Amino acid sequence: MSVLAKGSPRPGKPSKLRLYGSRFDPYSAGIRHVIREKGIDFEDVYINTYNKPEWYKDVNSVGEIPCLEYRDEIVAESFVIYDYLEEKFPEKKMQKTDAYERSQDKLFMTRCARHLTPKIVGMVKTPHDNIDDVFKAMAKVNESLGKRGTDYFGGSCANYVDYYLWSWVEVLPVLKAVYSLDFELSKEQYSHYWAWVNRMDKNPIIEKDQIERKVNFKIRVDFFKTMIAGDPDFTIGL
């Protein structure tokens, strides 16, 4: 397991699905969970996003992760990748088949991308400026789960919405530890959310992913400390 940076040679043409991403990137994590849940044989290629290989612009012209490469096809942007995976590998569905229900899931994710994930990103540098907005967004998450009345956004089991959201909210306790923040989402006020967290925390796909990426809570904390210091160690824990 290695992290490719400037000067690293480009891997050869993949014989199976390849995911360019990062061990600590929430966008990559959500995609990785869905790939695993679908049972797709794939290859992880980790990119140093602070010191990218020169050739990576040939893979994705804007230089962002995650990015998929499959045969002669290259697909970028997280939400586009989710749809690509659903259509390309339809054997196990990770999106609703009902048009209205699927639209509601996409609307929820769009609102998360607008109101929640940017605030979690903001907490990496200025936690106190963003924590109130995170609380407001999490209240909407809790409300949405309550209205659905299901164990997961996917219904009786996790779907791509659950994996997308999990990949972001699992960062919150890490940032709390990094900055020694004194906050807690009320178990009563956010009861639907916490019930969902307890289920997702036992998800075997997530557990397997943490083992294979060699990422646990302490390693995440240590990584974010290096990131906040301005010199992120993408190989930490390997």
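Is Glu77 buried, partly exposed or exposed? In this predicted model, Glu77 is partly exposed, with a relative accessible area of 45%. Glu77 sits in the loop between strand 5 and helix 3. Its phi is positive, at about 75 degrees, although Glu77 is not a glycine.

Five strands form an open sheet in the order 1-3-2-4-5, and the pairing is mixed. Strand 1 (3–4) and strand 5 (73–76) are the edges; each has a single partner strand, so one side of each lacks a neighbour in the sheet.

Strand 1 pairs with strand 3 (residues 42–47) in the parallel sense, over two bridges. Val3 has Tyr46 of strand 3 as its bridge partner. Strand 2 and strand 3 also run parallel, joined by five bridges. Here Arg18 stands opposite Glu43 of strand 3.

Strand 4 (residues 67–70) and strand 5 are antiparallel, with four bridges. Tyr70 faces Glu73 of strand 5 across this pairing. Helix 3 (residues 78–88) packs on the sheet and touches strand 2 (17–21), strand 4 and strand 5. The direction of helix 3 makes about 135 degrees with that of strand 5.

Tyr70 belongs to strand 4. Its relative accessibility is 12%, under the 20% cut-off, so Tyr70 counts as buried. Beyond residues up to four places away in sequence, Tyr70 touches Lys16, Leu17, Tyr84, Lys88 and Phe89. Asp25 is 45 residues from Tyr70 in sequence, and their C-alpha atoms are 21 Å apart.

Pro66 is placed in the loop between helix 2 (56–59) and strand 4.

Which residues bring helix 1 and helix 3 into contact? First, the geometry. The axes of helix 1 (residues 26–37) and helix 3 come within 10 Å and cross at roughly 5 degrees. That angle is under 35 degrees, so helix 1 counts as roughly parallel to helix 3. Helix 1 contributes Tyr27, Gly30, Ile31, Val34 and Ile35; helix 3 contributes Ser78, Ile81, Tyr82 and Leu85. Seven of the contact residues are nonpolar, two are polar and none is charged.

Helix 4 (residues 99–115) packs with helix 7 at an angle of about 10 degrees, the axes lying 10 Å apart. This pair, too, is therefore roughly parallel. From helix 4 come Asp105, Lys106, Phe108, Met109, Cys112 and Ala113.

**Helix 9: a one-sided buried face**

Helix 9 (residues 191–200) has Tyr193, Trp194, Trp196, Val197 and Met200 as its buried residues. Why do they fall on the same side of helix 9? They cover an arc of only 160 degrees around the axis, which puts them there. An α-helix has 3.6 residues a turn, so residues three or four places apart point the same way. The buried residues of helix 9 pack against helix 6 (127–148), helix 7 (160–169) and helix 10 (204–213).

Arg220 is part of helix 11 (residues 217–228). With 6% relative accessibility, Arg220 counts as buried. Its contacts, leaving aside neighbours within four places in sequence, are Phe24, Glu170, Val174, Arg213 and Val215.

Lys214 lies in the loop between helix 10 and helix 11. Lys214 has a positive phi of about 55 degrees, although it is not a glycine. At 43% relative accessibility, Lys214 counts as partly exposed.

| Residue | Relative accessibility | Class |
|---|---|---|
| Arg220 | 6% | buried |
| Tyr70 | 12% | buried |
| Lys214 | 43% | partly exposed |
| Glu77 | 45% | partly exposed |

Terms used:
Residues numbered from 1 in each chain as written. Predicted model: local features only at pLDDT ≥ 70, side-chain atom pairs only at ≥ 80, totals over all residues. Heavy atoms only, no water. Pairing = 2+ DSSP bridges. Contact = heavy atoms within 4.5 Å. Axes fitted to C-alpha atoms, helices over the stretch in contact; angles between N-to-C directions. Buried < 20%, exposed > 50% of the residue type's maximum accessible area, 1.4 Å probe, protein only. Arc of directions from axis to C-beta. Parallel < 35°, antiparallel > 145°, perpendicular 65-115°, else oblique. Nonpolar A, V, L, I, M, F, W, Y, C, P; charged D, E, K, R; others polar.
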